[in-house]
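Okay, thanks for making time, everyone. Let me put the chain up on the screen and then talk you through it.

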Amino acid sequence: PYISGLGPAVDENKYKRSLFNMSQFAEFQTLIQKPTFPAPCPIYTGYQLVFILSSPRSGSTLLQRMLDQHPDIESPEELHLLHYDTYAQRHAALVQAEAKHLLGGTVRLRAKLNGLSIDESRLIEANFIKSEEPALNFFVEIGSNFSKQYLVDKTPSYAYSKTTLERISAHFPQARFIYLARHPSAVVKSLIDSKLQDIIPFTRRYKDDSSAIPEMIWALCHENIQSVLLGTDKSRLHYVSYEDLVTDPTEAMASILDFLQLPFYSDCINPYGNNQNQQIETNEYAGDLKFFLENKVVNERADAWKGFSSLHPLSDVSKELMRNIPFYGV
């Protein structure tokens, strides 16, 4: 059977899960490694950095592609830089087959900005790995040929680690933040559908009821984001609802561009318009490939979770975090 507009009907049992309590959540948090970094030194660039902070499965690839249509914004694939001190550390962490595609974002952006071939850019990065070049030097390296006003770094895994988010603030004191949130029940559904938790290393170490993991991923990310952004000057922080992004992309994008003090650009609300003939290497793209399965923004995705009663209950931890997100205040 099919549900109109949403494809094959799904067995309700697929989304049944246990709610979690504070002690389970605290145990889950201990699974995140806390890397140590040298004392932070502010990094200044000729362009403005914008970080999209969100949990995974919250529409960050869609938002990244929408922003990339603007002539004043460079919004590339995921960069996966802030978790690591050096290129060598980054390579060692991501070179395994299931994560290797995440190494390509920096290679392709460097090639694009500097007029290099992919092979030339890859060789430069190989040399950086050998010499243990600091990973964050990438933001300075690309500056000489960077002609736009903004660079967007959209890497959802940053939100797994409070240490990583704190590093962003320490190294880029003038950075702006787009806090992208999607209803936790919708994220839980998408995490279960995509089986993403199966390839996140730290989730494999959780020994309690694994059915609670998808909601704990949402809670982990939002607790980290909220704790680090607490006290951030409001002029540097903008909230975006995934639901608004897909149901009223014109208004959502107008608000974002106003926050960035940029003129509205209509191509931003149709990120598929210039991409329909683009060839995407599915084993290399650093982002959500499901974006390329569509040819338009699908507004039905906003509320698809509501049709499954087992997705409605939420743990108290998630409810409390929702109270700190303006459009989800409960």
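I'll start with the overall picture, then go to the sheet, and finish with some helices.

First, the housekeeping. This is a predicted model, where local features need pLDDT of at least 70 and side-chain atom pairs count only at pLDDT 80 or more, while totals for chains, interfaces and linings use all residues. Residues are numbered from 1 along each chain as its sequence is written, and side-chain values use heavy atoms, with hydrogens and water left out.

So, the overview. The chain has 12 helices and seven strands; helices are DSSP runs of H or I with at least four residues, strands are runs of E with at least two, and both are numbered from the N terminus. Of the 330 residues, 50% are buried, and buried here is under 20% relative accessible area, with exposed over 50% and partly exposed in between, using a 1.4 Å probe and protein chains only. The accessible surface comes to about 15400 Å², and carbon and sulfur atoms hold 50% of that; those areas are Shrake-Rupley values with a 1.4 Å probe. As for contacts, meaning heavy atoms within 4.5 Å, take those with a separation of 6 or more: 79% are between residues 24 or more positions apart.

Now the sheet. What order do the strands of the open sheet come in? Reading across, it goes S4-S5-S3-S6-S7, five strands with parallel pairing. Pairing needs at least two DSSP bridges between two strands. At the edges sit S4 (73-74) and S7 (237-241), each pairing on one side only. H9 packs on this sheet, touching S3 (48-53), S6 (176-181) and S7, and its direction makes about 150° with that of S6. For angles like that, axes are lines fitted to C-alpha atoms, for helices over the stretch in contact, and values run from 0 to 180 degrees between N-to-C directions.

Let's zoom in on S5, residues 150-154, which pairs with S4 in the parallel sense over two bridges. Is S5 buried or exposed? Five of its five residues are buried, so S5 is largely enclosed by the rest of the structure. Tyr150, Val152 and Lys154 point one way, and Leu151 and Asp153 the other way.

On to H8, residues 184-194. It's mostly covered, with nine of its 11 residues buried, among them Lys189 and Ser190. The cover includes H9 (213-229) and H12 (316-322). Serine 190 counts as buried because its relative accessibility is 9%. Leaving aside residues up to four places away in sequence, serine 190 touches Arg57 and Arg182.

Last one: H3 (87-94) and H5 (118-130). Their axes come within 7 Å and cross at roughly 105°. That makes H3 roughly perpendicular to H5, a label that covers 65 to 115 degrees, with under 35 roughly parallel, over 145 roughly antiparallel and the rest oblique. The residues meeting there are Tyr87, Ala88, Arg90 and His91 from H3, and Glu125, Phe128 and Ile129 from H5.
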